[in-house]
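Reader: I would like to go through this model element by element, asking about one feature at a time. Could you begin with a helix and its outward side?

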Amino acid sequence: MNKKYLELTKLIRSKQNDHEILKCLSNYHENDIADMLTVMTPKERKRIYTLLGPQKIAEIFAYLDEPQIYFSELSVKDAAKVVSLMDSDDAVDVLETLDDKKKYEIVENLDKAAIKDVKMLLSYDDDEIGSCMTTNYICIPKGLSVRQAMSELVRQAGTNDNISTIYVLDESLKFAGAIDLKDLIIAREHDVLDDIIVHSYPSVTDHEKIDECMEKIMDYSEDSIPVLSQDGHMLGVITSEDIVEMVDNEMGEDYAKLAGLTAEEDLKETTAQSMKKRLPWLIILLFLGMLVSSVVGVFEHVVAVLPIVICFQSLVLDMAGNVGTQSLAVTIRVLMDETLTGKQKLFLLIKEMKIGLLNGGILGIMALALLGIYIHLFKGYTWSGAFGISGCVGISLLVAMVISSLVGTVIPMFFHKIKIDPAVASGPLITTVNDLVAVVTYYGLAFLLLIM
């Protein structure tokens, strides 16, 4: 455990008075205190809850990985106070971890403003931008003077701490632009406020899919982006912290999809739930694997004549699989751009095959030289026989890597075209198809070059 956590835990367990403990806690970030809570006893945590109060506890609980454990140590009324004081998006994230009974009891005891915000966020699907936004932001009406705008900022900053960007609403309460805090601070009293409003400030709508607009949000590198209704009214903002969390979630989900899973697994899932995600793809791969095995059986006579060729089968299969996976990852990343033209897709295909050809050529030459020497020195073959076998491996690597690059690019493009998520459908399929290609190439060349 971190030394500072040990020091703090030791202080809590000492006979220091409440004032000394509070003074020590004030020197720690909320995330550090959240980590510290995980190693405390329930009795020690309850003392901390009492000392810090609902506002500070709300800030700390936003950093907890499993907040349901700690909410169970609070009464319903105290839990409701903590949730009411959280940012709306953090409050929703916390409520989603609780069982239905506890969640209902807490929601029923939230203050009016918190109930409105929480219910609004809960109304969105998990894959919609609206589910990730927060209502913690500053907005002012259009037409104020610089002095009035600054006064309004100071007034709202008491309850909303996302103040780096101030949002402007027109007479009909629709989004009209944004002001950077720095520009407002350096503006002179006689300046016209409209001159420092960015009217073309980027925005997203509440029902947009997260994976469809995430790149657009990241391109602007703003501290926060407004979330609007279909008719232009401002509902909330997506903060930079939300963007980091969304990217992390999407990367985790995409990584799971590449393994043939339908969602990212975690420790909270039951064995049955994890099996349900994995088993369908494994059944499909079982049948495809049987096909690969039957193809190997076709070349049984090659193995009978030259048993050594089976030693290098896994080398060719593994390299083909690696190349296919690389092309798949690049293609899925490129396909996130919905504006991609047919010409650009063709360019990507040619580029991936060219890379496969060049890399395959280099690796093929290395395999030819190194394996030829190895087979001659350690397997007792003549130089011509050794380099004949290693040449077969080298050429197989070259051909398999070019075809694997083609397969790893074309298959995700095909699934994307027919509106099937390429990350879900492509990963396991490409691996098995590349195995099939590599087996046919390797044993086919061995038969043609070494036996016929």
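Author: In this predicted model, the face of helix α10 that is turned away from its buried side carries the exposed residues Arg147, Val154 and Arg155.

Reader: Which residues of α10 are buried, and what do they pack against?

Author: The buried residues of α10 are Val146, Ala149, Glu152, Leu153 and Gln156. They cover an arc of only 125° around the axis, which puts them on the same side of the helix. An α-helix has 3.6 residues a turn, so residues three or four places apart point the same way. The partners against which the buried residues of α10 pack are β1, β2 and α11 (181-186).

Reader: At what angle to β1 does α10 run?

Author: Helix α10, which spans residues 146-156, lies across both β1 and β2. Its direction relative to β1 is given by an angle of about 145°.

Reader: In the sheet that contains β1, β2 and β3, which strands are at the edges?

Author: The three strands form an open sheet in the order β1-β2-β3, and the pairing is mixed. Each edge strand pairs on one side only, and the strands to which this applies are β1 (138-141) and β3 (175-180).

Reader: How are β1 and β2 joined, and which residue in β2 is the bridge partner of Pro141?

Author: Strand β2 covers residues 165-169 and runs parallel to β1, with four bridges joining the two. The bridge partner of Pro141 in β2 is Leu169.

Reader: Is strand β5 enclosed or open, and which of its residues point each way?

Author: Five of the five residues of β5 (residues 224-228) are buried, so the strand is largely enclosed by the rest of the structure. Both of its sides contribute to this, as Ile225 and Val227 point one way and are buried. Pointing the other way from β5, and likewise buried, are Ser224, Pro226 and Leu228.

Reader: How does β5 pair with β4 and with β6, and which residue in β6 is the bridge partner of Ser224?

Author: Two bridges join strand β4 (residues 204-205) to β5, and these strands run parallel, with Val204 having Val227 as its bridge partner in β5. By contrast, β5 and β6 (residues 234-239) pair in the antiparallel sense over five bridges. Along that pairing, Pro226 stands opposite Val237, while the bridge partner of Ser224 in β6 is Thr239.

Reader: Which residue in the turn of the hairpin formed by β5 and β6 has a positive phi?

Author: The hairpin has five residues between its two strands. In that turn, a positive phi of about 95° belongs to Gly232.

Reader: How do helices α16 and α18 pack, and what is the handedness of their crossing?

Author: Helix α16 (residues 313-335) and helix α18 (residues 383-417) pack at an angle of about 30°, with their axes 8 Å apart. The two are therefore roughly parallel to each other. The residues that meet include Leu315, Met319 and Val323 in α16 and Val393, Leu397 and Met401 in α18. As α16 passes α18, the crossing is right-handed.

Reader: Is Glu73 buried or exposed, and which residues does it touch?

Author: Glu73 has its place in the loop between α5 and α6. At 16% relative accessibility, Glu73 counts as buried, because the cut-off is under 20%. Not counting residues up to four places away in sequence, Glu73 touches Pro42, Arg45, Lys46 and Tyr49.

Methods:
Residues are numbered from 1 along each chain as its sequence is written. This is a predicted model: local features need pLDDT of at least 70, side-chain atom pairs count only at pLDDT 80 or more; totals for chains, interfaces and linings use all residues. Side-chain values use heavy atoms; hydrogens and water are left out. Two strands pair if DSSP finds at least two bridges between them. Contact means heavy atoms within 4.5 Å. Axes are lines fitted to C-alpha atoms, for helices over the stretch in contact, and angles run from 0 to 180 degrees between N-to-C directions. Angles under 35 degrees count as roughly parallel, over 145 as roughly antiparallel, 65 to 115 as roughly perpendicular and the rest as oblique. A crossing is left-handed if the near helix is turned anticlockwise from the far one by less than a right angle, and right-handed if clockwise. Buried means under 20% relative accessible area, exposed over 50%, partly exposed in between (1.4 Å probe, protein chains only). The arc is that of the directions from the helix axis to the C-beta atoms.
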